[in-house]
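Colleague: Could you walk me through reading a few features of a model? I would like the general idea and then the case at hand.

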Amino acid sequence: MEAEQKNEEAKIEEPIASNDSTNVDISVQQSVDVRLEGLTKVFLDSTKKETKAVWDFNVVIPAGKLIGLLGPSGCGKSTTLYMIAGLHNPTGGKIFFGEEEVTHTPPEKRGIGLVFQNYALYPHLTVRENIMFPLENMRPRMEKEKMKALAQEMAELVHIGDLMDRKPGQLSGGQQQRVAIARALVKKPKVLLLDEPLSNLDARLRLQTREEIRRIQKETGITTIFVTHDQEEAMSISDQIVVMNYGVEQQMDEPQKVYEEPANLFVAKFLGNPPINVIDGVVENGELKLINGQVIDEIDVPDQEVSIGIRPEFFTLDENLKLDVYIEMVEHIGRDTMALCKIDGYENSVRAIIPSYKKLEANQNIKIGFRRYFVFNRETGERLK
Amino acid sequence: MLEYKNDIWKALLALAPTLLLMAVFTFYPMINTVFSAFMEGYCYGVWRDNGNTIGWLSHYGETIMQSSYDAEGNLIGFTETYVGIGFGNFVTIFKDPTFIDALKNTAIMVIVSVPVTVIIGLLISVALNGIKKLQSVFQTIYFLPYVTNTIALGLVFAVLFSSRNGLINSFIESLGGNRVAWITPFAGKNPSYFTCLFVLMVYTVWNGLAFKILVFLSGMQSIDKQYYQAAQIDSTPRWRVFTKITVPLLSPMIAYITITSFIGAFKAYSSVIAIFNGNYGPRSNPNMLITVVGYTYDKLGKMSNVNELGRACASALVLFAIIMAITVVELWVSKKKVHY
């Protein structure tokens, strides 16, 4: 074995500083991109009713990137992850790791690491034994000392090096999460998959752990796909996010772009907290009108009924003061002020976030403007502007 | 949880019928057993005729000893229901070769049947857990012995292993072998200790599987599937999945089953009776596979003199002590090995 290794090293002609057996390299073998082509999963229930969990999913996840699969519960994101892992068989479509098709490769041959939502740490084994578990299955057999060293190295990477002799039950949620990541990474997988990695953690730990995941991913450079329903989580650490709904990909882009330029009404509604304000409108002869008849802009869109989306922070008191609103309520939330405003002719109020230095008071009529707005087809939800 | 102090009376009231029955039929006999074991010549009652005691009664009402009188008509011999306290009954039974045989037989049955049933039960459960189709059918098949009468099953086994026309012998013959004198004599050969024990063990193991499979299977089904998925992703070989994941996660069930199996096996009696048609062995040696419980019953039923009841109690106490000791050891071991 060692002779072979040396040969290879000679071939690539790279000077290697030290090569003792306990020197462990934490970087992955090679990171690959993950390509899904028309991936489809249809579940049949006992009454032969079809449920399209994932439908014609096409996506290329670039090598070495951290990608968040984002969507509401039941949108097929976990199913997609499990298909990439090989635990679910796709009904149609193909999965590629790099150039290699793995659609029908059993999970154990795919070279993936999977962190389960509830971590699935073996409760009867210590942290060290848990992390060593994948190594012990490797053939040819690895030396015990080397396994221990690798496990320790991985544990150091996720900052749990001093907890090696504990049982999972004696660890906090965040620590268990790290053990699970270490166990997934120790065998140097090509792809790391995380299923709702932060959902079992409390708010503070969540913030910390997501940065930790980002750091680990950066340090190892492994292609990482994680599934979440929490937009903040996905947006904060992902290189790109894929928004899914009803098994169909809605949009894939960098997080900020998805937020700034949503592809459709679903994405616009799904991202953003407080949520985007959606009001009905209509386009007539190149004019965008509210349902009270007020023209708010000229628009190069065929006549149709539309939904107008305005994010709370798009409202302004400085320019373009077009909307007559009645302020129902004002909430001061530190830096900003949130105002609940009623537009004439609409039943639901809209939320506006205004910097706090603009003194607003409730129960008065004012004029308000907006910097931007989105226009969607009211039926299809397709973005028009 | 009791919410108010007053509830204790309600609770007691609810428990009273059970407690009363248990007091009469369980606690009192248990305590009395301990006393009786240490009494020499324990006697249940006195049979009087015209004011004169003429004999003592056994538990079953038969006269077990005629009294004798001295010249003045006073009773000689036992004047009380027992004559002394001591370890006499224990000394006697340990000197009784039948009791030693019973101990030996019981020990062999325990040592053979417990590990075999637990291991086979575990393997069958794993196999059952692995199949999706017909699982409930197989589950029912394996559970049938549990709901069937022991004696009836014993008769079936006696027929199966019958030397002359039993299914097993016919099968052996069809394979070109010779008929075996399993539990009945054949061709002038009496059944050996080994063949009798073999039949008994096959019966005991098969009969005991049902409950074990039930417990193991429900235990396995409560193990989180994700452990297995995690193991699969780490390309864990099947055998390792079994030894490193299933068995440890099932260890509370395994411990429970092992302890109850030990207790059950030590109490072996009806299985022997069922196979040998009311005896403890083949006709050539009716006490061949006598067990401790069998010995105890014999002493109770075939009382021929005053001391037999005490000896039955002593042998019951010996069995109790053995079971107790083994259970304590098992609990102690399971504390170290079981992952709750």
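Modeller: Gladly; we will take a sheet, then a pocket.

Modeller: This is a predicted model, where local features need pLDDT of at least 70, side-chain atom pairs count only at pLDDT 80 or more, and totals for chains, interfaces and linings use all residues. Residues are numbered from 1 along each chain as its sequence is written, chains are lettered from A and ligands numbered from 1 in written order, and side-chain values use heavy atoms, without hydrogens and water.

Colleague: In what order do the 5 strands of the open sheet in chain A run?

Modeller: Strands of a sheet pair through backbone hydrogen bonds, either parallel or antiparallel. Here the order is β15-β19-β16-β17-β18, with antiparallel pairing. Strands are DSSP runs of E, at least two residues, and helices runs of H or I, at least four, numbered from the N terminus; two strands pair if DSSP finds at least two bridges between them.

Colleague: Which are the edge strands?

Modeller: β15 (315-316) and β18 (350-355) of chain A, as each pairs on one side only. β15(A) joins β19 (residues 364-370) of chain A over 2 bridges, and A:F315 stands opposite A:F370 in β19(A).

Colleague: And which helix supplies the largest share of the lining of the second largest pocket?

Modeller: Rolling a probe the size of a water molecule over the atoms shows where empty space is left. A pocket is an open set of points on a 1 Å grid over the protein atoms alone, where a 1.4 Å probe fits, with protein on both sides within 12 Å along at least five of seven lines; lining residues have an atom within 4 Å of a point. In this case α8(B) gives the largest share, 5 residues.
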